[in-house]
Amino acid sequence: MKKKILFVCLGNICRSPLAHGIAEKISLENNFSLEVDSAGTSNWHVGEAPCDHSITIATRHDVDISQQQSRTITKKDITHYDYVVAMDKQNKEDMEAFGFKNVHLLGDFAEYNGEDVPDPYFFTGASVLDGFEKVYSMIQLCVKDFIIKGKNGSL
Ligand code: 4NP
């Protein structure tokens with residue numbers, strides 16, 4: 001059976017598109033049968049492509065997220081997905097208020113001890129791309145660990 005995973009952040013233009021692209025790549029490279037998507041708790045950027053910095057960083061890592069389009073969470077998602085994963089605690093709280101059950105926090109995986117994935121939308125200054133790189137690295141490690149734990153049945 002194809003397992004279905006939904007990654008969620010606030011705008012669905014910075015963080016969850018990265019998680020979505022990384023999970024798709026892991027799935028493809030390992031012949032895993034996964035259905036992956038991402039969505040936002042807000043509808044602020046519906047229809048937009050991911051933010052330029054996320055596309056740039058993903059491209060550096062050979063992950064193409066440029067064709068993704070932001071969408072908002074729906075009631076149908078609640079029953080459709082086997083796993084839902086929030087980028088931060090506010091996203092998790094908002095998803096639970098919307099009706100999602102068993103929402104995982106991405107920062108509970110790998111070695112991040114429940115940290116929020118920082119929201120790079122608010123990063124400013126000369127080192128913005130370094131910030132996105134750190135966010136990418138956290139998301140990549142956590143998504144990998146999440147998928148491994150899903151595979152070995154410990155989720
Ligand atoms: P994301 O980042 O939740 O990682 O996509 C954000 C994108 C947009 C906004 C906030 C966070 N916004 O305020 O429009």
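Colleague: By class, what kinds of residues make up the shell around the ligand?

Modeller: Start by sorting residues into classes: Ala, Val, Leu, Ile, Met, Phe, Trp, Tyr, Cys and Pro count as nonpolar, Asp, Glu, Lys and Arg as charged, and the others, Gly among them, as polar. Here the shell has seven nonpolar, three polar and two charged residues. Before we go on, this is a predicted model, where local features need pLDDT of at least 70 and side-chain atom pairs count only at pLDDT 80 or more, while totals for chains, interfaces and linings use all residues. Residues are numbered from 1 along each chain as its sequence is written, and side-chain values use heavy atoms, with hydrogens and water left out.

Colleague: Which residues are around the ligand?

Modeller: A residue is near a molecule or strand if one of its heavy atoms lies within 4 Å of it. Around this ligand you'll find Cys-9, Leu-10, Gly-11, Asn-12, Ile-13, Cys-14 and Arg-15, and also Trp-44, His-45, Asp-119, Tyr-121 and Phe-122.

Colleague: Let's turn to the strands. How many residues of strand S1 are buried?

Modeller: Buried means under 20% relative accessible area, exposed over 50%, and partly exposed in between (1.4 Å probe, protein chains only). Helices (H or I, at least four residues) and strands (E, at least two) are DSSP runs, numbered from the N terminus. S1 covers residues 3-9, and six of its seven residues are buried. In S2, five of the seven residues are buried.

Colleague: Which strands does S1 pair with?

Modeller: Two strands pair if DSSP finds at least two bridges between them. S1 runs parallel to S2 (residues 34-40), with seven bridges joining them. Phe-7, for example, has Ser-38 as its bridge partner in S2. The chain gets from S1 to S2 by way of helix H1 (residues 15-29), and this β-α-β crossover is right-handed. That label applies if, with the strands pointing away from the viewer, the path from the first strand over the helix to the second runs clockwise. S1 is also parallel to S3 (residues 83-86), joined by four bridges; there Val-8 has Ala-86 as its bridge partner.

Colleague: What should I look for in the loops on either side of H1? Is Asn-12 buried or exposed?

Modeller: Check the backbone angle phi as well as the cover. Asn-12, in the loop between S1 and H1, has a phi near 55 degrees, a positive value in a residue other than glycine. Asn-12 is buried, with a relative accessible area of 2%. Asn-31 sits in the loop between H1 and S2, and its phi is near 60 degrees, again positive in a residue other than glycine. With 73% relative accessibility, Asn-31 counts as exposed.

Colleague: Which backbone nitrogen lies 3.5 Å from a polar atom of the side chain of Asn-91?

Modeller: The backbone nitrogen of Met-87 does. Asn-91 is in helix H4 (residues 89-98) and is buried, at 2% relative accessible area. Another case is Ser-42, in the loop between S2 and helix H2 (52-60). A polar atom of the Ser-42 side chain lies 3.4 Å from the backbone nitrogen of Trp-44, and Ser-42 is buried at 7% relative accessible area.

Technical notes
A polar contact is a pair of N or O atoms within 3.5 Å; within protein, one must be able to donate a hydrogen and the other to accept it, and residues adjacent in sequence count only if both atoms are side-chain atoms.
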